[in-house]
Amino acid sequence: MSQPEYTTAQANALTNHDRKPIHIPGSIQPHGVLLALSTQLEILQVSNNTQVYLGKEPEDLLGRPLSYLIDHRQVEIVKQCLVKKIGSAQAFKVLINTLHGERYFDAIAHRTQEAVILELEPTNSESEVSFLGFHALAGEAIAKMQRTSNLGEFLHLVAQEVQKIIGFDRVMVYQFDQSEAGSVVAEVKREDLSPYLGLHYPATDIPAQARDLYTRCFLRFLPDLTAEPSELVPTENPTTHQHLDLSYCLLRSFDCCCSEYHQNMGVKALLVISLIQEQKLWGLISCHHQTPKYVSYEVLKMCEFLGQIVSSELAHKISYSEWDYKVKLKSLQSEFLESISQADNFIDALIKPEIRLLDLVSASGAAVCLDNEINLVGTTPNIHEVQALIEWADTQVSDNLFSTDSLPKLNSKALIFKDTASGLLLLRISKVRRYYILWFRPEVIQTVHWAGNPQESMQAQPDGSYTLSPRKSFEQWQETVRLTSLPWKACEVESAIALRNAIVGIVLSKADELAKINLELERSNQELASFAYAASHDLKEPLRGIYNFSTVLLEDYAQVLDDDGIECLQTVVALSVRMETLINALLRLSQLGQAELRLQATDLNELLNQVIDVFRASRQDSGLVDIRIPRPLPTVLCDRVLVNEVFSNLLGNAFKYNDKAKQWVEIGYFSQEEGQREQGSRGAVEQRGRGAEGQGGRGAGEQEETRGIITHAPCPIFYIRDNGIGIPVHHLETIFRLFKRLHSQEKYGGGAGAGLAIVKKIVELHNGQIWVESTLGVGSMFYFTLE
């Protein structure tokens, strides 16, 4: 069977095995007696071995009150279970008259959802171990464990102290990994036994139901794995008509697979103590004995108590062993986050210096993805592989944080870059935008020592399916593990989460600051527009006086002025005209800033005809003008007067900046889909936002081509194309600025340099964009949208 087939078969078989209801076996281990009681403490069910221990047949007990068996003081103790939480045990000594005389039992009572369960185990002791006696037995072991700080030494000491108390042949500390498989991390054993230290065990050895019971019940004792179980009578609870839940019963019988599994190891008695870390099953103290072995209830309770102490100490030992590393990560994290919060450029703060981003989680490489911009740091897959990985994550990863040490096993396409990214820690910063940080770790080939071949647990059935069965051999079996990296530690994952939280906090803070700045900017813009309007309006009157008086001097006093004086006055007149042109442009722009749009459905064909008629009437060479309109323009919702101004300015510029003998202008539009095709066919380079800041101007020079982007707007994309002089690339950022001319006043008919600034303002008032494509000496193509 190939590895993929084995993995699938194992998963299916494990799922079926996990469904086995091991908490309701319908029987108990035969070294004690069980009674199931109603809430009125009437005996509803008993184990079928009551004759052996109590001298009474099951039928003699069913339907009787509990007081039939024990005295009223002990009945009151059992009654206390009715007000305790499910599974909380009440233990006491009880003396019962049997056919063989009076006999002492350890009585353990607890409540389930549907019944009160009383377990009775015969004992030779008529008194409970005192606190001082308990402390004498357990106190020294606890003191030793608390004195050591090294995790490995601590776990070995735990195994030693537990073996001293129970005297089993072998005591192991077994730790689970992230895949629920486990390994022996500490062992104390009889000298003649083969060592299990360092061996790994597959997750199938301790199925999910068993792990769940170990999480809820901290101790499991099987004194004789060869013993036949005692069935419950009747099989089902007569009140609920269901099998009795024995999850919290010490006497609960064991599954036949469990018995066979351990007997294949040569084990006849088993004691398991749960180790809980952060409310999860961290591992087990597993105790094996080669022959059946009974342990008193007091000793079992001592072992359970030790397990709880070990679980408590375990947190400190693990924290201590990782403390230095955690401190280092915290220090890096604080420094890193501080630099991000103060940085102007978010990307630079993340990746420069690059080592900080990698050290934050001990990665060898990282990728920072903000929308379609990806920055790589360290040793990583190439940019196309990272893009494919992000697309995979978009569909396969739902959480904000995802980690794996075996990416190629989850994504087959990752096999090609396993050397750099067998391990992946992925952090999603935003669900709205495609903002990711990915950290990578390379493949690390490992040799794993298993306790027997795990594949031997899979047994093929005639129908082609597979079932789990206990392995026959637990001899060391080696496996070479590939396509995995070093696992991500919990503190590294926490460091990534802290980074995300900090980034979100910083972004929100920056957004608040930006909102305040925008409000202030809006107020300032309004004040500036009002000032510009008032200033430009008030400046026109004195300027008109300067012009008029200069003209009077030229007309009436020219005979008393010399040539220099006349030239100076002529310059004043020309500058006055120039100044008035500029003031008029400024006034127009300020008016646009305060204007409200008068939107109406406008037939652009009719509007354009008016523009062309005015244009032809104003040009003496209108007969040479070639204006092309490939197809009728659409009707749009816009301010008719302002859009007329847009077409007038662009059409005028198209012929004004044209030195060809045969001049032409084409006016048209694209639909959204056509615009996308046009962008692809022209190989347009994306330069988002440039139209909003200003692009263009025109000038002659060497051949060079520049292109903007056709924005994916839902409205049509209009264009005006010419065969003029073109625009050099270094002027694309400036041509839409107010009073920006690329030529002297003498060239191309002069002008204030405000036309394109006004066009841009009008387009923005319509929530649109304007941009340009141009090739020097060939021509230009202006695009704009009207939302």
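## Stacked aromatic pairs

Phe-670 and Tyr-719 are both buried, where buried means under 20% relative accessible area, exposed over 50% and partly exposed in between, with a 1.4 Å probe and protein chains only. The model is predicted: local features need pLDDT of at least 70 and side-chain atom pairs pLDDT 80 or more, while totals for chains, interfaces and linings use all residues. Residues are numbered from 1 along each chain as its sequence is written, and side-chain values use heavy atoms, with hydrogens and water left out.

The structure holds ten aromatic pairs. Rings of Phe, Tyr and Trp (its six-membered ring) pair if their centres lie within 6.5 Å; planes under 30 degrees apart count as stacked, over 60 as edge-to-face and the rest as tilted. The Phe-670 and Tyr-719 pair is stacked because the ring centres are 5.0 Å apart and the planes are at 25 degrees. Phe-670 belongs to strand β26 (residues 664–670) and Tyr-719 to strand β28 (residues 717–722), 49 residues apart, and the pair links these distant parts of the chain. Helices (H or I, at least four residues) and strands (E, at least two) are DSSP runs, numbered from the N terminus.

Trp-771 and Tyr-783 are also a stacked pair, with 5.6 Å centre to centre and 15 degrees between the planes. Trp-771 is in strand β29 (residues 770–775) and Tyr-783 in strand β30 (residues 779–785), so this pair ties together parts that are twelve residues apart in sequence. Both Trp-771 and Tyr-783 are buried.

## Aromatic cluster and charges over rings

One aromatic cluster is formed by Phe-647, Tyr-669, Phe-718 and Phe-784. Arg-631 lies over the face of Tyr-669, 4.0 Å from the ring centre. A charge sits over a ring if NZ of Lys or CZ of Arg is within 6 Å of the ring centre and within 35 degrees of the ring normal. The charged end of Arg-170 sits over the ring of Tyr-196, at 3.9 Å from its centre.

## The five-stranded sheet

An open antiparallel sheet consists of five strands in the order β15-β14-β18-β17-β16; two strands pair if DSSP finds at least two bridges between them. At the edges, β15 (373–378) and β16 (401–404) each pair on one side only. Neighbouring strands are turned by 10 degrees against each other on average, direction ignored. Axes are lines fitted to C-alpha atoms, for helices over the stretch in contact, and angles run from 0 to 180 degrees between N-to-C directions.

Strand β14 (residues 365–370) is joined to the antiparallel β18 (residues 435–441) by six bridges. Leu-370 has Tyr-435 in β18 as its bridge partner. Helix α12 (residues 383–396) packs on the sheet and touches β14, β15, β16, β17 (423–430) and β18, its direction making about 115 degrees with that of β18; contact means heavy atoms within 4.5 Å.
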